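Dear colleague,

Please find below the sequence and structure that I am handing over to you. My notes on what was found follow directly after them.

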Amino acid sequence: MKQFITFVRKEFKHVFRDRKTLLMLFGLPIVQIVLFGFALTNEIKNSKIVVLDYSKDNVTRAIIDEVEASQYFEIATETKNIQEVEAAFKSGKIKSAIIFPSNFGNDLLHLHKAQVQIIADGSDPNTATTLTNYLSSIIQGYQQQHLASPQSSPEARGNSMSFQIIPEMRMLYNPELKGAHNFVPGVMALVLMLVCVMMTSISIVREKELGTMEVLLVSPFKPLLVILSKAMPYLILSLVNLIVILLLSVFALGLPINGSVVLLFLVSTLYIITALSLGLLISTSTASQQTAMLLSLMGMLLPTMLFAGFMFPIENMPLPLQIISNVVPAKWFYIIVKSIMIKGLGIASIWKETLILFGMTMFLLALSLKKFNVRLA
Amino acid sequence: MDYSVEVKNIKKTYQAGKEIVTALHGISFDVKQGELFGLIGPDGAGKTSLFRILTTVLLPDGGSATVNGFDVVKDYKKIRNCVGYMPGKFSLYQDLTVEENLSFFATLFNTTIEENYELIKDIYVQIEPFKTRRAGKLSGGMKQKLALSCALIHKPAVLFLDEPTTGVDPVSRKEFWEMLKRLKQQGITIVVSTPYMDEATLCDRIALIQQGKILSIDKPEKITKSFPHQLYAIKSAEIYQLLKDVNAFENSLSCYAFGEYLHLIFKEEHDNRETDLLKFLKMRDHSDIELKPIDASIEDCFIELLK
């Protein structure tokens, strides 16, 4: 035990005395989150929208005012000509359009039902989904506020519920668009994977390269001890990283954690350990720091980005790629984090994914232990 | 147990591209308990491969070896407990301080600096003033002293030192060998390798090794005494011309530069050989000629054995 503590302390010293790496360890996630976060929020803020109002009554006026008042939209033009809307989309100046048919207010009052069409530029799927969601929630908000006042009797409310504005969504250019993604779970999966794998993959290989492994081998140490103590500092640092990411996403980006924070932490720890074991495996099976670095970058960054599901929906991939995506730990973690953070679900709905991650971790740890060479070359 | 290290017909080959390079061609030797044994040979002779096999970090391709009675392949864990190893390349943590390195290796072997301080005291006091300095910032000689301290901290039964004095200044080299002598007095068996022939005489016994083969194993004095010829040292004002001329002399068997002198062996060791040579050289306008019989050094023996 004393050996283990000394070993871990030594690893911490290695980490803290290597300023550049330490900077990367903490700088990378912060930069990524802020970059991803603000790049995305800026786009959604003040997005240009075209309004085509055939009805021109006070209901459409009120809805248009609310759209205008929201921080998300800026009305580019109001037009009466559908051709103009099309032209605006083609020029790329606008991201979305809202179209009220004639007699919108009348229909709502008399038929208790009216339709509104929302069109979004689907070539940028994430933005398009977010925009349509914003628009429909503005319309829904209006509906609840004005058509069903809370003071009204249950009867009246039941009655008012029959006032329905049905937003009809249309995606231009990419009609098959699926699901609203939030990038924070994705960045979490990516950053934790990158940092953990890269850092640990270098750690053992560095001892090989500097020759310290030779001395270390000629001592009564146990491979398990080395592997665990190598992973320890990065586990703790990654947990700190996780806290930073979550704080940033909650306070700087305004993304709430809907589910249990404790559960989120526990599964994140598991995911970090998965990534660490992967790094250790790379570390024990390569011979130079450069190879390890390249392998972890190429082997991790690309598959994680491609197959985690936050950049490209896995459902749209050809079957072989869908099958490959199953071995990417980030995919499972992404599902878990999305469920906890955004949907607010509990362990009952994520136990399967968690179990898969756990299995992966055990497999990787066992493999890296087996690959640990008790001799040189 | 009479022998600390027994090596029997050890072979090692490496794959270098498509070629197979043989580093050790079936080497055998023994090291007695408490002996200071030297492996003397130039770079590429196979010294490091042999050390790595004996310290169990490399598997031999043939033959067997024991260290402290344990087999290097089967009982590698036991060997790792009781030997100290200092690789040829500086192999401590450069980003840790002197003291941190030492205490790390002490803990690794389940001991403390205090417990075995007596053993390393002589060496460690010399680097103690720098104990808060990072190992990477030490001078070459100090690095070697620290590495030796770390290899000794667990009081090993056998100490393996692979070229400990390479790249170290002459004063530090001398100090280092004095330390080794003191360690020997503590009963530690020491196997040391060096490319410096002058260090060979400081060992109890030496093995001359070249291209994976052992040329000779004996006490250094015995090796030098067994030199089969009378060796001469010769010099004159024009040393380069002298080398050419001596080689042209009909009775010279071999002549090579050795420091400021040339070393010379005659073909026929008859009584007039010295005067004949001097006459021959004077005819060729050499001045300040100095010719004297000398005892062969290890290097001379090595050169002789390579023929």
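**Helix α3 of chain B**

I begin with the buried residues of α3(B), which are Val98(B), Glu100(B), Asn101(B), Leu102(B), Ser103(B), Phe104(B), Phe105(B), Ala106(B), Thr107(B) and Leu108(B). Please bear in mind that the model is a predicted one. Helix α3 of chain B spans residues 98-108, and because 10 of its 11 residues are buried, the helix is largely enclosed by the rest of the structure. Against which elements do the buried residues of α3(B) pack? Within chain B they pack against α4 (117-127) and α5 (140-152), and they also pack against α1 of chain A. Just after α3(B) comes Asn110(B), with a positive phi of about 60°.

**Chain B as a whole**

Chain B contains 10 helices and 14 strands. Of its 307 residues, 44% are buried. Along the principal axes, the C-alpha atoms of chain B fill a box of roughly 75 × 45 × 40 Å. Among contacts in chain B with a separation of 6 or more, 69% are between residues 24 or more positions apart.

The domain assignment divides chain B into domain 1 (3-225) and domain 2 (231-306). The centres of these two domains of chain B, taken over C-alpha atoms, are separated by 38 Å. The contact between them draws 11 residues from domain 1 of chain B and nine residues from domain 2 of chain B. On the side of domain 1 of chain B that touches domain 2 of chain B, the elements giving two or more residues are β9 (205-210), β10 (213-218) and α7 (220-225) of chain B. The most is given by α7(B), with three residues. This side of domain 1 of chain B has seven nonpolar and four polar residues, and no charged residues.

**A sheet in chain B**

Four strands of chain B form an open sheet in the order β2-β1-β4-β5, with antiparallel pairing. Why is one side of β2 (19-32) and of β5 (70-71) of chain B left without a neighbour in the sheet? Both strands stand at the edges and each has a single partner strand, so there is no neighbour on one side. Within the sheet, strand β1 (residues 3-16) of chain B is joined to strand β4 (residues 62-67) of chain B by five bridges, and the two run antiparallel. In this pairing, Glu6(B) stands opposite Thr66(B) of β4(B).

**Chain A**

Chain A has 15 helices and five strands, and 35% of its 377 residues are buried. Of the contacts in chain A between residues at least 6 apart in sequence, 80% join residues at least 24 apart.

Strand β1 (residues 47-53) of chain A runs parallel to strand β2 (residues 73-79) of chain A, and six bridges join them. Here Ser47(A) is opposite Phe73(A) in β2(A). Together with helix α3 (residues 58-69) of chain A, β1(A) and β2(A) make a right-handed β-α-β unit. Strand β1(A) also pairs in the parallel sense with strand β3 (residues 96-100) of chain A, over five bridges. In β3(A), Ile98(A) is the bridge partner of Val51(A).

**Nonpolar cores**

Which residues of the largest nonpolar core touch the most other members? In this core of 91 residues they are Leu54(B), Leu159(B), Phe160(B) and Ile190(B). Neighbours within four places in sequence aside, Leu159(B) is in contact with Gly84(B), Ala151(B), Leu152(B), Leu183(B), Ile188(B), Thr189(B) and Ile190(B). There is a second, separate core of 59 residues, including Leu264(A), Tyr271(A), Ala308(A) and Val337(A). In soluble globular proteins, nonpolar side chains tend to be buried together.

With kind regards

Notes:
Residues are numbered from 1 along each chain as its sequence is written. Chains are lettered from A and ligands numbered from 1 in the order in which they are written. This is a predicted model: local features need pLDDT of at least 70, side-chain atom pairs count only at pLDDT 80 or more; totals for chains, interfaces and linings use all residues. A residue is buried if 20 or more other C-beta atoms lie within 10 Å of its own, exposed if 12 or fewer, and partly exposed in between; C-beta atoms are placed from the backbone. Two residues are in contact if their C-beta atoms, placed from the backbone, lie within 7 Å. Two strands pair if DSSP finds at least two bridges between them. Domain bounds come from an automatic or database domain assignment. Ala, Val, Leu, Ile, Met, Phe, Trp, Tyr, Cys and Pro count as nonpolar, Asp, Glu, Lys and Arg as charged, and the others, Gly among them, as polar. A crossover is right-handed if, with the strands pointing away from the viewer, the path from the first strand over the helix to the second runs clockwise. A nonpolar core is a set of buried Ala, Val, Leu, Ile, Met, Phe, Trp, Tyr and Cys residues joined through C-beta atoms within 7 Å.
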